[in-house]
Amino acid sequence: MPYNRPMSHFTYENCPYPVRESMVEAFRASWLYIAEPGSWWTGEERVAIAAAARDAADCLLCAKRKTALSPAAVSGAHLARPESSRLSAKVVDSVHRIATDASRLSGTWLGDTLDATFTDGHWVEAVSVVVTIVCIDAQHKSLGLPLEPLPESLAGDPDGYRPPNAQIDVGWVPMLTPDALTGPEADIYGGSPQMGNVIRAMSLVPDAVRQLDAQASVQYLPNVDVRDFGKTGELSLSRPQIELVAGRTSALNDCFY
Amino acid sequence: MMLRESGRDVEGLNLHAIVKGSGTFSGVPCGEELVAFVEAALTGTPELATARQAAADALGAQALVDAAAVIGNFQRMTRIADSTGIAVDERTAVVTEGMRAELGLNEFVSARLPL
C-alpha cells in the first residue's frame, strides 16, 4: 500500500465505532511521519523500526525477559520479520526493549548501548517512532480492530539536525528548556513557559515533540492543556474518567511517571 | 496526581483504584467499566470483547473510542518517560509526596525523583 496515496490508510471501513475525522487525519499524518526521513534515520530505517516495534509484541525472547527477575538474565534472538531485518541487532534489541519492557531500562544500560553510530539523537528518534506506532496499535487492539498496514518509506537522507541548546538535566538524554528554544524549534512547546519533562524528553529531535503534540491532541489533550483540569479536548469522557484510564494504564506499565 | 486534581468534585474519589484496579471502587462515574476495559486491553485477555461491550453499554460508542485513545496515549507516554530516564517534575514531586507514599508509587521499578 504505497504512501503516496495517504487516503488509503485508516479508512475505518466497516468499523463498528465512530472515529472522528480529526483522529483519522492525525493517524494519517503519523504514518507520513514514520515514512519520512528524520534527523537521524532514513525513512526506510524508520519504517523498519516501526516494524520491529510490532515484532516485539510477538517476540518470545521479550516475553521471557518480561517475566525474568532481570532482563539481563535471559539471552537469545529477537523475532525479526523481513520488514525489520535491515536493522542491526543492537537497534532491534533497543526497539524491543522500548516496546515491551521500558520500565526496566537504565541509564547505565543506555550508556553502554549508545556509540558513534547509535547516538542519543538516534535513540530519541527511535523512541519517537516506536511510541508513534505503539499508541495507534494499542488503540486498534483495544477496539478489536485490525492493525493498519505500515506505510512505504519515502526516499531521502536524515538532516542530522541537533538543537544547539539541548543539555542533559532531568533525564538520560539532552533536552530543551522552554527558555532555551531558538530558531527552528522555537515553536515546539506552543509558547508555554513551562512544559512537562515527558514532553521535553523528546526535544533533542524537535519534530518528535511536534509529532507527540499532534497525536496527543486527538488521543488525550494538546500538551499546553494538560495541566488545565477543566479541559477534555475533543474527548467525550469527563476529565476524571480520562485520568482514571490514564492512571490505570500507567500503573499496569509499572510507570512511576 | 492528575486524577486527584481533576476529581476534586467527585464524591468518594478513591485513588487506590489506579494501583489496585478492578474490584476497588474509584468513585468516578462508570469507573468500573473503564478500569476493566483498560485491564483487558493491556493484558490481551479473552475478556476484552466483554469488557469493551460493557464499556460501550455504559458510556456509549464514542466514549469507548475515546477511552481506547487514552489507553493508546498512555502506552506512548509511559514508554517515553521510561526510555529517557526523566524524573518527575519538581513541582509534581512536591505536591504528590503524600499520595505517592500512600499508594506505594515509590516502589515502582521506574521511580525517579528530582535530585
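Predicted model: local features only at pLDDT ≥ 70, side-chain atom pairs only at ≥ 80, totals over all residues.
Colleague: What does the secondary structure of chain B come to?

Modeller: Helices (H or I, at least four residues) and strands (E, at least two) are taken as DSSP runs and numbered from the N terminus. Along the sequence chain B reads α-α-α-α-α-α-α, and its C-alpha atoms fill a box of roughly 45 × 35 × 20 Å along the principal axes. The count for chain B is therefore seven helices and zero strands.

Colleague: What percentage of the residues of chain B count as buried?

Modeller: A residue is buried under 20% relative accessible area, exposed over 50% and partly exposed in between, with a 1.4 Å probe and protein chains only. Among the 115 residues of chain B, the buried part is 55%.

Colleague: Is B:Cys30 buried or partly exposed?

Modeller: B:Cys30 sits in the loop between α2 (16-20) and α3 of chain B, and its phi is near 60 degrees, a positive value in a residue other than glycine. Because its relative accessibility is 26%, B:Cys30 counts as partly exposed.

Colleague: Why does A:Tyr12 count as buried?

Modeller: A:Tyr12 lies in the segment before α1 of chain A, and its phi, near 50 degrees, is positive although the residue is not glycine. A:Tyr12 counts as buried because its relative accessibility is 16%.

Colleague: Which side chain makes a polar contact with the side chain of A:His9?

Modeller: A:His9 is placed in the segment before α1 (21-35) of chain A, and at 0% relative accessibility it counts as buried. A polar contact is a pair of N or O atoms within 3.5 Å; within protein, one must be able to donate a hydrogen and the other to accept it, and residues adjacent in sequence count only if both atoms are side-chain atoms. At 3.1 Å, the partner of the A:His9 side chain is the side chain of A:Glu148.

Colleague: Which helices do the buried residues of α1(A) pack against?

Modeller: The buried residues of α1(A) include A:Phe27, A:Trp31 and A:Tyr33. Contact here means heavy atoms within 4.5 Å. The packing partners are α2, α6 and α8 (206-219) of chain A together with α5 of chain B.

Colleague: How far apart are the end C-alpha atoms of helix α9 of chain A?

Modeller: Helix α9 covers residues 239-252 of chain A, and 13 of its 14 residues are buried. The expected span of a helix is 1.5 Å times one less than its number of residues, so the 14 residues of α9 should span 20 Å, and the end C-alpha atoms agree with this at 20 Å.

Colleague: Which residues does A:Val245 touch, not counting residues up to four places away in sequence?

Modeller: A:Val245 has its place in helix α9 of chain A, and because its relative accessibility is 1% it counts as buried. The residues that A:Val245 touches are B:Leu34, B:Val38, B:Ala67, B:Val70 and B:Ile71.

Colleague: Which residues is B:Thr84 in contact with, leaving aside its neighbours within four places in sequence?

Modeller: B:Thr84 is found in helix α5 of chain B, and with a relative accessible area of 0% it is buried. Its contacts are A:Gly171, A:Trp172, A:Val173 and A:Ala201.

Colleague: How much space lies in the second largest pocket?

Modeller: On a 1 Å grid over the protein atoms alone, a pocket is an open set of points where a 1.4 Å probe fits, with protein on both sides within 12 Å along at least five of seven lines, and lining residues have an atom within 4 Å of a point. Grid points are joined across faces, edges and corners, and a volume is the space filled by probe spheres set on the points. For the second largest pocket this comes to about 980 Å³.

Colleague: Which helix supplies the largest share of the lining of the second largest pocket?

Modeller: Of the 37 lining residues, the closest to the centre of the pocket are A:Ala99, A:Thr100, B:Leu42, B:Gln75 and B:Arg79. The largest share of the lining, six residues, comes from α6(A).

Note on methods
Residues numbered from 1 in each chain as written. Chains lettered and ligands numbered in written order. Heavy atoms only, no water.
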